[in-house]
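Please go through the fold strand by strand.

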Amino acid sequence: MQKSPLKFRQVHLDFHTSGAIPDIGKAFNKEQWQERLRLGHVDSITLFARCHHGWCYYPSKVGPVHPHLDFDLLGEQIEACHEIGVNTPAYITVGWDEEYAHAHPEHLEAPPSGIDYTKPGWKRIAFHKEYIDYICAITEEVIRNYPVDGIFYDIVGLTNDLSLPAQRAMRERGLDPLKAIDRLQFARERQEAYFQATNAAIHNLRPNMRIFHNAGHIPKGDRVFLNYASHLEIESLPTGGWGYDHMPLSARYAATQKGVEYLGMTGKFHTTWAEFGGFKHPNALRYECAAMLAFGCRCSIGDQLHPSGELNEDTYRRIGLAYAEVEAKEPWCVDAKPVSEVAILAIESLPHDALDGEHFGGQMNKADLGASRMLLESQRQFEVIDTEADFEQYQLIILPDEGRLLPDLADKLSEFLSRGGKILLSGDSGRAVGCGEFVLDGIGMVDDEAERFDMEYIKVGPDLLAADKRGSLIASPVVMNGDNLRVRPAEGATVLAEIVNPYFSRTVEHFCSHQHAPEAEPSGFPAAFITATDNIAYFAPRIFTQYSDRGQYLYRELVMAVIDRLMGKPPSILTSLQSAGRTSLMEQAANNRYVLHLLYASPIRRGVDAIPNWNIPSVEVIEDIPVLRDIRVSLRLEKEVKEVKLVPGGESLDFDMQDGRLHFILPRLEGHQMIALSQA
């Protein structure tokens, strides 16, 4: 039996329901359920076998059934869905488990900050063998009794457990619980034991069943995590703290995992999960689903079922507006692969020996985010890779800010350079682990004795200013966070920007105005240069992290100017879209066509203390989608194009070839437009 197909129009239906709520599922009606799914154009819905409260929603003989459920809710939901051709993966909670926590407090994890059990909130269960066996037994029960189309496990990420049982287990393994790297090793061992046991429990009964283990983020470079997933689901609710740039970065990494299908997951909520009565603007859902398609994802929208068991009509009407468009666009998205010239070598993916401090995962590395955001806003075509990727398919690799090199990675990058590749480094990237020297030839030496300041300035040099045809750079010094590296470039390097010192750092004894002292004089050190071999560009500031933190657009413009200088040619796609615009060039090899996606919407921030329980101070929302007209598009493609057509509408566009580039004008853009470029 083959795996069930990964559908394009999914709903992830949360159902974390307190035991204090009565009449669970009393309003469930099969015909009404089917009607709402049809209204939403839904083709797959993840249903709850078991929730964070620890309740099962079917007559379980293994786990506790919700005390106010008196029928087989899961079974009836599955039957209703399968009657109309809707897939039904089953959800099983793992890490958060209220009922189990009260029954087995000895299995609770204890993070360094401690847990306040006087406040409402989930309690984290450690992956003890006894608990893993319990999860496996529930899994086997669900699979034996129901024709589910997959298993979705939740809350499985690495955790920094410092409970007394964990410390004792670490010492028994010869690990030191006071060392972060040892705690990480212990966490990985326990996580993999869980992966092995649960996957075996499933595959012993259903060898080709789909499995996904959710940690709220796809951990880049974590082959243990990746090897136990049949596909990837990118949990990324823009209004829930992930923001609008998390999904593209994660999708561009998922695209590099050969043969692995992946979907994006947003939410119908105005804020984040479990917001009963919260509704995102329909335009936001339309844009978010379009962006998923543009970056190669199938789509999933999160919802939370009311305890009554009735799907909310307003929710599925809104979902249907987005999914009707997805349904029409699917033929141009099946098996489409990105066409990229740039790769970000994700800092998150580097071996832990190369990183400082603890590394227990998270949603995003700031340096990776800053690099991705710059490329997205500049409409550059890129992917996100790890150290095991094939470097040779890219023209430029960016290693942002924190990428210290171990010997194997240094050798791989040197080989990439020897074959004509280009590399952009910044901050500590390119330096050896454990010392201050640059590993790659031709960069130079760090001067650790040179004076640094709390705030400093970048002054762009005459070469870049002369080449700036768009007027995007300025000659004046631009402020940045200080304490940047002082590097003496190797002989023959071309300095493209310099560091300018302020009068002094801000202290109690001497300070100037509200923030920092103005520029005073050149430091004598470069802010950016290109090596004599013209194949490595280096930024002394941690410019990608600074862009993530400060958003100064001139940092982005400087980086793009240096990339153009390093590459020696314009980017593969040029458009007249502004920085909120997004482009994605995909290829459907089986259909002999490229598919170009153009997107435009401008998120804005609203609210104060919008999601206090999630520690999110405001919400990034999309409401208005403006209509843009006469968008100029220019592409450099490897294959000749014979036709340019808007899809799914079918209108053909005039185009011409000049200087090896294809040019056309898109008459109208409202949120998202796909353009099929049929190959000759």
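## Strands E4 and E5

E4 and E5 pair in the parallel sense, over four bridges. Two strands count as paired if DSSP finds at least two bridges between them. Strands are DSSP runs of E with at least two residues, numbered from the N terminus. Ile151 has Ile211 in E5 as its bridge partner.

This is a predicted model: local features need pLDDT of at least 70, side-chain atom pairs count only at pLDDT 80 or more, and totals for chains, interfaces and linings use all residues. Residues are numbered from 1 along each chain as its sequence is written, and side-chain values use heavy atoms, with hydrogens and water left out.

## The parallel sheet

Eight strands make up an open sheet. Their order is E5-E4-E3-E2-E1-E8-E7-E6, and the pairing is parallel. From one strand to the next, the twist averages 25°. For that angle, axes are lines fitted to C-alpha atoms, and angles run from 0 to 180 degrees between N-to-C directions.

## Strand E3

E3 spans residues 90–93 and is covered on both faces. Ala90 and Ile92 lie on one side, Tyr91 and Thr93 on the other. All four are buried. Buried means under 20% relative accessible area, exposed over 50%, and partly exposed in between (1.4 Å probe, protein chains only).

E3 pairs with strand E2 (residues 44–50) in the parallel sense, over three bridges. There, Tyr91 is the bridge partner of Phe48. E3 also pairs with strand E4 (residues 151–154), again in the parallel sense, over four bridges. Asp154 in E4 stands opposite Thr93.

## Strand E15

Strand E15 covers residues 455–460, and five of its six residues are buried. E15 and E16 run antiparallel and are joined by four bridges. E15 and strand E18 (residues 494–502) also run antiparallel, with four bridges between them.

Ile458 takes part in both pairings. It stands opposite Val478 in E16 and opposite Ile499 in E18.

## Arg486

Where does Arg486 sit? It is in the loop between strand E16 (478–481) and strand E17 (487–489). Is Arg486 buried or exposed? Arg486 is buried, with a relative accessible area of 0%.

The side chains of Arg486 and Glu456 are joined by a polar contact of 2.9 Å. A polar contact is a pair of N or O atoms within 3.5 Å; within protein, one must be able to donate a hydrogen and the other to accept it, and residues adjacent in sequence count only if both atoms are side-chain atoms. Beyond its neighbours within four places in sequence, Arg486 is in contact with residues including Met445, Asp447, Phe453, Ile499 and Phe525. Contact means heavy atoms within 4.5 Å.

## Cysteines

How many disulfides does the whole structure hold? The search finds zero. Cys297 is in no disulfide; the nearest cysteine sulfur, that of Cys299, is 7.5 Å away. A disulfide needs two cysteine sulfur atoms within 2.5 Å.

Cys297 is buried, with a relative accessible area of 1%. Cys435 is partly exposed, at 33%.

## Confidence

The chain has a mean pLDDT of 94, and 97% of its residues reach 70 or more. pLDDT is the predictor's confidence in each residue, from 0 to 100. Over residues 354–358, pLDDT stays under 50. For that stretch, the model has nine contacts beyond four places in sequence.
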